[in-house]
Amino acid sequence: AERRTDDRGSYRLWGLYDGTYLIQASVDGILTGTTGRQNTYATLYYPASPTVAGAQRIDLRDDTIANIVYAPVTLTQVTGLALDGDAQLVAGTARLIEPRQSGRISSARTASIQPDGTFTIRHVPTGNYILQILGDGPGRTGLFASTEVSVGESPVRVTLKAPPTKGEI
């Protein structure tokens with residue numbers, strides 16, 4: 001269920017069945033810090049984690065109350081080059097996902113692969129991710145590659161090369 005907060009930041013979800021849930025909250029907007037770096041209120045998972053790995057489940061019964069406290073989080077970007085052998089992929093998608101933790105699944109951050117094989121995924125909080133590319137190269141389609149990426153406060157640059165398909169080895 002998705003709801004917007006009121007002018008005081010309060011929200012109420014109704015019509016949910018008793019059970020165990022993860023709560024995800026997000027704020028629209030980007031802040032520019034004193035150092036010129038971009039900060040934002042990152043998507044948070046209850047109680048106050050920018051990653052699904054740090055989320056806590058909440059047992060929902062009758063009138064359960066759950067508060068999420070926001071604090072600005074420094075974001076960075078993951079840029080890269082997607083290759084088919086020595087040639088650049090010419091189209092496709094780059095996806096940055098958190099590894100599945102304790103049955104929790106997060107939504108992916110995505111970017112289009114440009115005709116020169118480059119991509120940029122912006123506004124990424126610190127954490128460990130899996131970067132996947134799926135795209136088309138010159139003369140081949142459905143190419144895939146993945147790697148683990150650790151994101152800190154500095155921008156990350158990655159080169160991913162799609163492996164050869166059967167018969168090309």
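Of the 169 residues of the protein, 34% count as buried. The model is a predicted one. Its secondary structure consists of 15 strands and 0 helices. The points below proceed from the whole chain to its strands, and then to individual residues and pairs.

**The chain as a whole**

- The accessible surface of the protein amounts to about 10,700 Å², and carbon and sulfur atoms account for 47% of that surface.
- Among contacts with a separation of 6 or more, 58% are between residues 24 or more positions apart.

**An open sheet of 4 strands**

- Strands of a sheet pair through backbone hydrogen bonds, in either a parallel or an antiparallel manner.
- In this protein, 4 strands form an open sheet in the order β11-β10-β13-β14, with antiparallel pairing.
- The edges of this sheet are β11 (109-112) and β14 (140-151); each has a single partner strand, so one side of each is left without a neighbour in the sheet.
- From one strand to the next, the twist averages 15°.
- Strand β10, which covers residues 91-97, is joined to β11 by 4 bridges, and the two run antiparallel.
- Within this pairing, threonine 93 has serine 112 of β11 as its bridge partner.

**Strands β8 and β15**

- Strand β8 (residues 76-84) and strand β15 run parallel and are joined by 7 bridges.
- Strand β15 (residues 156-162) has a covered face formed by Val156, Val158, Leu160 and Ala162, while Arg157, Thr159 and Lys161 make up its uncovered face.

**Salt bridges**

- Side chains of opposite charge can pair when their charged atoms come close.
- The protein has 2 salt bridges, counted with a cut-off of 4 Å between the side-chain nitrogen and the carboxyl oxygen.
- One of them joins aspartate 84 to arginine 140, with the closest N and O atoms 2.6 Å apart.
- Aspartate 84 belongs to strand β8 and arginine 140 to strand β14, and the pair links distant parts of the chain, 56 residues apart.
- Aspartate 84 counts as buried because its relative accessibility is 13%, where buried means under 20%.
- Arginine 140 is also buried, with a relative accessible area of 15%.
- Another salt bridge is formed by the side chains of lysine 161 and aspartate 86, at 3.8 Å from N to O.
- Lysine 161 lies in strand β15 and aspartate 86 in the loop between β8 and β9 (87-88), so this pair ties together parts that are 75 residues apart in sequence.
- Lysine 161 is partly exposed, with a relative accessible area of 47%, whereas aspartate 86 is exposed, at 74%.

- Most residues other than glycine have a negative phi, and most peptide bonds are trans.
- The peptide bond from tyrosine 46 to proline 47 is cis, and its omega is near 10°.
- Proline 47 is placed in the loop between β5 (44-45) and β6 (58-60).
- Histidine 123, although not a glycine, has a positive phi of about 60°.
- Histidine 123 is located in strand β12 (residues 118-124) and is partly exposed, with a relative accessible area of 32%.

**A buried loop residue**

- The loop between β5 and β6 also contains alanine 55.
- Alanine 55 is buried, its relative accessible area being 5%.
- The C-alpha atoms of alanine 55 and leucine 22 are separated by 7.2 Å, and these residues are 33 residues apart along the chain.

**A nonpolar surface patch**

- Tyr11, Leu13 and Leu16 form a nonpolar patch on the surface, and together they have about 220 Å² of accessible area.
- Leucine 13, one of these residues, is found in the segment before β1 (19-21).
- Leucine 13 is partly exposed, with a relative accessible area of 32%.

How values were computed:
Residues numbered from 1 in each chain as written. Predicted model: local features only at pLDDT ≥ 70, side-chain atom pairs only at ≥ 80, totals over all residues. Heavy atoms only, no water. Pairing = 2+ DSSP bridges. Axes fitted to C-alpha atoms, helices over the stretch in contact; angles between N-to-C directions. Buried < 20%, exposed > 50% of the residue type's maximum accessible area, 1.4 Å probe, protein only. Patch = residues over 30% accessible without salt bridge, like charges linked within 9 Å, V, L, I, M, F, W, Y side chains within 5 Å. Areas by Shrake-Rupley, 256 points an atom, 1.4 Å probe, with all protein chains shown as cover. Contact = heavy atoms within 4.5 Å.
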